[in-house]
Amino acid sequence: MKSLFDTVSYSCSKIVTNTYSTSFSMASKMLSESIRQDIYNIYGFVRFADEIVDSFHDYRKEKLFNDFEIDMYKAIEDKISLNPILNAFQKTVHEYDISPELYEAFMKSMRLDLHKKNYLTDHEYKEYIYGSADVVGLMCLKVFVKGNKKKYEALKKNAMHLGSAFQKVNFLRDLKADHEDLNRSYFPNTNLNKLDETSKQRIITEIEEDFSKGLEGILRLPIDAKFGVYTAYIYYKKLLNKLKNTPSSEIKNTRIRVPNYQKVGLLAKSYFDYRFKPSMRA
């Protein structure tokens with residue numbers, strides 16, 4: 001039965017989420033059950049594309065990526081795929097009328113990671129972030145507002161700022177892996193070999209501005225999504241604070257992380273805020 005295959009597909013997307021990202025998995029569990037699976041479906045799709053370009057170094061990455069992209073289009077057109085991750089994703093695409101512009105922009109940025117190493121201008125930097133992060137936030141927003149076009153348009157810019165903040169924190173946190181292992185440099189006009197406090201602070205100020213605008217949107221999200229997204233926000237703010245307190249000379253020599261016991265504390269904090277702050281209950 002098709003329904004049984006769909007169940008298997010959804011389980012695969014959930015497994016991918018839980019296996020690859022404990023923080024995203026934790027935040028997803030705080031979403032309403034009515035939308036949680038669709039967020040797993042989106043994450044499974046973006047994670048597989050990202051893994052192709054970042055991890056499969058012993059394989060023909062460009063061919064794998066091309067095949068994955070072709071299969072994505074076929075899955076969406078046929079409304080089924082024998083790739084369970086794509087089968088789950090196409091279901092969410094159709095259910096929430098996710099625009100091709102969003103997943104095509106995502107694939108465009110992922111494809112850049114196959115060959116492009118340096119982002120030299122603000123335009124290149126912003127275009128990459130839009131495709132790699134902002135549109136993922138917008139796909140999730142489609143689910144959060146359950147396809148309501150008016151709510152989507154009202155929250156669109158805030159969702160993009162939040163996606164940008166998360167991605168820029170990742171860039172700063174993963175500076176060592178990106179720069180030394182993958183030979184990539186995302187921040188324009190920044191000498192990563194000699195990252196100084198002025199450059200670090202400029203990046204952090206930019207992230208804090210994105211977070212501020214992103215929070216404005218979180219407070220206006222439907223109740224089904226608010227707690228889960230706020231949990232992710234609290235986690236990434238904690239990462240940013242750790243980066244702020246790490247000397248610029250050390251950032252590219254280590255990978256800043258939040259230990260599991262601190263994640264539990266952050267979850268407790270987000271729940272307290274959610275329950276008792278008037279702004280969160282509005």
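Reader: Is Lys168 buried or exposed?
Author: Lys168 is buried, its relative accessible area being 8%. Buried means under 20% relative accessible area, exposed over 50%, and partly exposed in between (1.4 Å probe, protein chains only). This is a predicted model, where local features need pLDDT of at least 70, side-chain atom pairs count only at pLDDT 80 or more, and totals for chains, interfaces and linings use all residues. Residues are numbered from 1 along each chain as its sequence is written, and side-chain values use heavy atoms, with hydrogens and water left out.

Reader: Which residue does Lys168 meet in a salt bridge?
Author: Asp210, at 2.6 Å from N to O. A salt bridge is a side-chain nitrogen of Lys or Arg within 4 Å of a carboxyl oxygen of Asp or Glu.

Reader: Where do Lys168 and Asp210 lie?
Author: Lys168 is in helix H8 (residues 149–173) and Asp210 in helix H10, so the pair ties together parts 42 residues apart in sequence. Helices (H or I, at least four residues) and strands (E, at least two) are DSSP runs, numbered from the N terminus. Asp210 is buried as well, at 7% relative accessibility.

Reader: New topic. How many salt bridges are there?
Author: The count is 17.

Reader: What does Glu51 pair with?
Author: Glu51 pairs with Arg47, their closest N and O atoms being 2.9 Å apart. Both lie in helix H3 (residues 33–55), four residues apart, about one turn of the helix.

Reader: And which residues are joined into one network?
Author: Asp38, Lys91 and Glu95, through salt bridges that share partners.
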